Amino acid sequence: MTDSTPLALTIAGSEATGGAGAQADLRTFQAMDVFGMVALTCIVSFDPKNDWGHRFVPVEPQVLADQLEAITTAYPADQLTVTKIGMLGTPDTIATVAATLRDRAFEHVVLDPVLICKGQEPGAALDTDTALKKQVLPLATFITPNHFETLSLSGMDSIETVEELTEAARRIHELSGAAVLAKGGVHLPGPEAIDVFVDDTTTEVLSAPKVGEVAVAGAGCTLAAAVTAALAKGLEPLEAARGAKEFVTAGIQSRLASAAPFDVVRQH
Ligand code: PXL
């Protein structure tokens with residue numbers, strides 16, 4: 001390994017079956033020749049006895065802080081310039097991550113704003129959403145909201161067209177200052193899977209033929225991780241978004257089936 005090896009951190013949860021979360025992030029980094037590391041925020045174990053619902057256990061905030069301390073000390077700010085943020089899970093975890101991001105400069109902070117964890121009480125989830133919006137969103141430089149998150153962050157009532165998705169992405173860009181890649185996924189009607197990229201200078205609609213009408217697990221994690229890896233390699237945000245869209249489309253085409261009721265994205 002040489003000093004010019006691109007590095008990327010993911011601050012994310014474990015999804016034990018490997019479809020989403022830190023496992024998908026690391027496989028994406030590896031497939032894109034980026035050396036990856038993980039600060040684990042929580043452990044999700046689907047419950048096959050309960051309709052594959054989410055069992056969710058947060059990592060102690062101090063244990064998360066310890067991981068972040070080890071990583072950021074081993075790899076100083078001029079060597080590790082990029083982090084991805086996935087599922088955080090609790091207000092305490094969010095406060096720990098926000099404190100690290102305030103102390104330690106990252107050139108790129110890619111936020112996949114995971115707003116819902118099905119294993120949580122609705123009240124707790126609301127606290128978590130509020131904390132994420134208040135403490136982490138302003139520190140992000142690149143945000144990848146899915147359809148639901150785009151509605152929530154933009155405050156729009158419905159998003160059913162490319163124009164509405166574009167308007168929502170612009171609103172999220174204005175309130176965060178970050179580049180935004182808003183994902184239509186299977187939620188916009190029509191034969192194309194549409195994402196919209198918005199930053200200070202550019203609005204671009206990214207489109208690829210839909211691969212079926214059923215969402216696969218891990219697509220969002222993989223897209224944001226591919227953006228992160230591309231930024232670690234020095235690509236511009238728009239280039240990173242275009243490449244990530246191609247990477248995830250190929251991964252959905254070669255998705256992996258299992259005894260769980262959803263297919264998962266592959267990374268290669
Ligand atoms: O895809 C969202 C997601 C992210 N991170 C973890 C998850 C999930 C969904 O299951 O378990 C750890």
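**Close-up views of a predicted model**

View 1. Valine 196 stands opposite valine 205 of strand E9, in a model that is predicted. The two strands E8 and E9 pair in the antiparallel sense over 7 bridges, and they form a hairpin in which 4 residues lie between them. In general, the strands of a sheet pair through backbone hydrogen bonds, and they do so either parallel or antiparallel.

View 2. Is strand E7 (residues 179-183) buried or exposed? Of its 5 residues, 5 are buried, so this strand is largely enclosed by the rest of the structure. Ala179, Leu181 and Lys183 point one way from E7, whereas Val180 and Ala182 point the other way, and all of them are buried. In a regular strand, the side chains alternate between the two faces of the sheet. Strand E6 (residues 142-143) runs parallel to E7 and is joined to it by 2 bridges, with isoleucine 143 opposite valine 180. Strand E8 (residues 192-198) runs antiparallel to E7 and is joined to it by 4 bridges, with lysine 183 opposite aspartate 195.

**View 3. Two residues of strand E4, valine 82 and threonine 83.** Valine 82 is found in strand E4 (residues 82-85), and threonine 83 has its place in strand E4 as well. Valine 82 has a relative accessible area of 0%, and because buried means under 20%, this residue counts as buried. Threonine 83 is also buried, with a relative accessible area of 0%. Although valine 82 and histidine 108 are 26 residues apart along the chain, their C-alpha atoms are separated by 4.8 Å. When its neighbours within four places in sequence are left aside, valine 82 is in contact with residues that include Leu7, Ala8, Leu9, Phe106 and His108. A polar atom in the side chain of threonine 83 lies 3.3 Å from the backbone oxygen of leucine 9.

**View 4. The nonpolar cores.** Which residues of the largest nonpolar core touch the most other members? Of the 40 residues in this core, they are Leu9, Ile11, Leu80, Ile85 and Leu88. Helix H6 (residues 162-176) supplies the largest share of this core, namely 4 residues. Apart from this core lies another, of 30 residues, among them Ala8, Met32, Leu206 and Ala224. Leaving aside its neighbours within four places in sequence, isoleucine 11 is in contact with Ala39, Thr41, Leu68, Thr83, Lys84, Ile85, Gly86, Leu88 and Val97. In soluble globular proteins, nonpolar side chains tend to be buried together.

View 5. The residues around the ligand are Gly13, Ser14, Glu15, Ala20, Gly21, Val44, Phe46, His54, Met87 and Cys221. An N or O atom in the side chain of histidine 54 is 3.0 Å from an oxygen atom of the ligand. Taken alone, the ligand exposes 310 Å², and the protein buries 81% of that area. Strand E1 (7-15) and strand E2 (35-47) are the elements that give two or more residues to the shell around the ligand, and E1 contributes the largest share, 3 residues.

**View 6. The loop between strands E2 and E3.** Aspartate 51 is found in the loop between E2 and E3, and tryptophan 52 is found in the loop between E2 and E3 too. The phi of aspartate 51 is near 60 degrees, a positive value in a residue other than glycine, and tryptophan 52, which is not a glycine either, has a positive phi of about 60 degrees. Aspartate 51 is exposed, with a relative accessible area of 71%, whereas tryptophan 52 is partly exposed, with a relative accessible area of 23%.

Terms used: Residues numbered from 1 in each chain as written. Predicted model: local features only at pLDDT ≥ 70, side-chain atom pairs only at ≥ 80, totals over all residues. Heavy atoms only, no water. Buried < 20%, exposed > 50% of the residue type's maximum accessible area, 1.4 Å probe, protein only. Pairing = 2+ DSSP bridges. Contact = heavy atoms within 4.5 Å. Polar contact = N/O pair within 3.5 Å; in protein donor to acceptor, adjacent residues only side chain to side chain. Core = buried A, V, L, I, M, F, W, Y, C linked by side-chain atoms within 4.5 Å. Near = heavy atom within 4 Å. Areas by Shrake-Rupley, 256 points an atom, 1.4 Å probe, with all protein chains shown as cover.
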